[in-house]
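I opened this model today to look up a few things about its fold. My entries follow the structure itself.

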Amino acid sequence: MNIKNRTLFIADNLDILRGINSDCIDLIYLDPPFNSKKKYKAPIGSPAEGAEFKDIWTDEDIKAEWHGEIAEENQELYQVIQASEVIYNKSMKIYLMAMAVRLFEIKRILKSTGSIYLHCDATASHYLKGVLDAIFGIDNFRNEIVWGYSNSGRPKRFFAKKHDIILLYTKTDKAFWGNYRIPISEEYLASHYRQVDDKGRRCRIRVDAGKRRYYYPEEGMTPNDWWKDIPSLNSVAKERTGWPTQKPLALLERIIKASSNEGDIILDPFCGCATACVAAEQLNRQWIGMDISPSAEDITKLRLEEIVDKESNLFSPFTDVIIQTQPPVRTDRIEQVPPHKQLPKAHTYKHEIYGKQEGKCVGCNYSIPFRNITIDHIVPISKGGTDQKENLQLLCNACNSTKGARSQSEFIAILKEQGVRTDATPRPEHRTQTEQRKLFQNEY
Ligand SMILES: C[S@@+](CC[C@H](N)C(=O)[O-])C[C@H]1O[C@@H](n2cnc3c(N)ncnc32)[C@H](O)[C@@H]1O
Ligand SMILES: [Zn+2]
């Protein structure tokens with residue numbers, strides 16, 4: 001492991017995740033922005049004052065080469081992401097791409113016994129589940145947890161939206177499970193253990209071959225996948241810091257107890273005011289946090305200061321939490337990893353151009369898998385064209401053989417002649433909704 005316990009990274013988590021050794025984290029909880037299209041800001045005067053983050057996703061939030069990286073690594077995943085643009089909008093696609101490149105790293109750094117809990121809501125949970133299915137495999141999907149809460153704010157029409165979704169996946173079927181139990185509810189006891197024995201203890205009595213058998217309730221029970229016993233933080237909750245979207249400690253305690261042991265390493269790449277780190281510390285786990293907002297440093301130290309046992313004086317948050325702003329350097333044996341699998345990805349022009357063309361062939365405008373699309377020189381080398389990025393485009397095999405050593409205008413003319421394309425505008429079925437709307441407005 002190349003990161004020390006109690007390290008808080010203040011930086012974009014992608015570069016940090018890429019610098020962590022493989023197979024070394026026990027549990028990852030992440031509560032990323034949900035694609036809610038809002039901006040969040042901590043209230044003035046709250047302990048988290050100064051903290052702010054946006055949850056609006058535009059082209060600037062992704063790099064063109066991520067298209068190629070995702071499509072090369074997992075073509076099915078790229079298709080799932082492309083579909084989200086057609087069904088929903090471009091911002092959803094961008095959001096899912098930003099999540100996908102991080103989830104590749106998350107899977108890589110998890111131990112084979114590790115688990116990931118992705119906290120989201122109904123805005124994107126159905127798309128994120130597709131993304132996670134494509135990355136972790138459907139056999140490693142374990143639970144869709146519904147965290148139900150009740151706070152103020154009711155719509156005039158339709159039902160009040162009062163739940164979040166937490167998707168639980170494991171890296172393999174060897175995942176650790178902590179046999180987490182909660183007390184059996186009165187309701188459950190009353191319906192399942194209706195009788196009493198001679199000592200007045202609740203039980204269920206069955207008569208088997210003339211003999212009475214007594215069944216007693218166990219000490220506790222495995223919770224359901226819907227949790228309504230953990231309230232959200234109200235405005236006067238003691239643990240409230242003012243950090244927008246802060247989650248309750250009790251929620252993280254349950255997750256950490258269920259999927260880790262004492263001493264295990266817990267990682268939260270979008271840690272905000274460090275709820276997961278504080279819960280990990282309280283439960284004697286090691287932790288690593290990451291947040292892009294510099295305000296995370298003070299609030300994390302303040303919260304830890306409140307919970308450390310001052311008597312035992314084992315560690316002091318103000319001196320012992322390691323703050324890092326630079327990505328770590330992997331120390332595992334990456335020379336054994338084939339070059340194209342080394343991280344950060346050895347991307348080429350092909351990855352970037354694939355992104356600029358949104359995964360489509362310039363000629364026929366069909367979506368083409370990364371491995372089946374080839375680089376072509378717009379001005380052929382034989383006619384003085386260069387290897388510069390500006391002179392490169394990606395074509396499917398059919399279009400590439402049509403193009404041959406022809407100029408771009410000759411090539412387009414032949415495609416038009418063949419009816420493969422009529423003009424530079426994509427065919428209707430290949431247009432994004434935004435493009436279609438624009439065309440519609442221009443035409444009518
Ligand atoms: C929903 S909040 C997490 C709240 C946290 N679970 C808590 O209880 O305080 C999402 C956090 O992600 C952070 N964030 C957004 N983009 C990030 C990135 N690229 N790298 C690291 N952190 C990021 C934001 O600053 C914000 O604090
Ligand atoms: Zn083509």
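I began with S293, which is partly exposed because 18 other C-beta atoms lie within 10 Å. (Buried means 20 or more other C-beta atoms within 10 Å of the residue's own, exposed means 12 or fewer, and partly exposed is in between; C-beta atoms are placed from the backbone.)

I note that this is a predicted model, where local features need pLDDT of at least 70, side-chain atom pairs count only at pLDDT 80 or more, and totals for chains, interfaces and linings use all residues. Residues are numbered from 1 along each chain as its sequence is written, while chains are lettered from A and ligands numbered from 1 in the order in which they are written.

I placed S293 in the loop between strand 13 (286-291) and helix 9 (296-307). (Helices are DSSP runs of H or I with at least four residues, strands are runs of E with at least two, and both are numbered from the N terminus.) Leaving out residues up to four places away in sequence, S293 touches A51 and F53. (Contact means C-beta atoms, placed from the backbone, within 7 Å.) I also checked F9: its C-alpha atom is 9.8 Å from that of S293, though the two residues are 284 apart along the chain.

I traced an open sheet of nine strands in the order 11-6-7-5-2-12-13-1-14, with mixed pairing. (Two strands pair if DSSP finds at least two bridges between them.) Strand 11 and strand 14 (322-324) are at the edges with a single partner strand each, so one side of each has no neighbour in the sheet.

I then went through some pairs. Strand 6 (141-148) runs antiparallel to strand 7 (163-170) over seven bridges; E144 has L167 as its bridge partner. Strand 6 is parallel to strand 11 (226-227), joined by two bridges, and V146 is partnered by W226. Strand 2 (25-30) and strand 12 (265-268) are also parallel, with two bridges. There, I28 stands opposite L267.

**The helix pair**

I looked up helix 3 (75-87) and helix 4 (90-109): they pack at about 155°, axes 6 Å apart. (Axes are lines fitted to C-alpha atoms, for helices over the stretch in contact; angles run from 0 to 180 degrees between N-to-C directions.) The two helices are therefore roughly antiparallel, the word for angles over 145 degrees. I listed the contact residues: L77, I81, Q82, S84 and E85 in helix 3 meet K90, M92, K93, L96, M97 and A100 in helix 4.

Key. Parallel < 35°, antiparallel > 145°, perpendicular 65-115°, else oblique. Contact = placed C-beta atoms within 7 Å.
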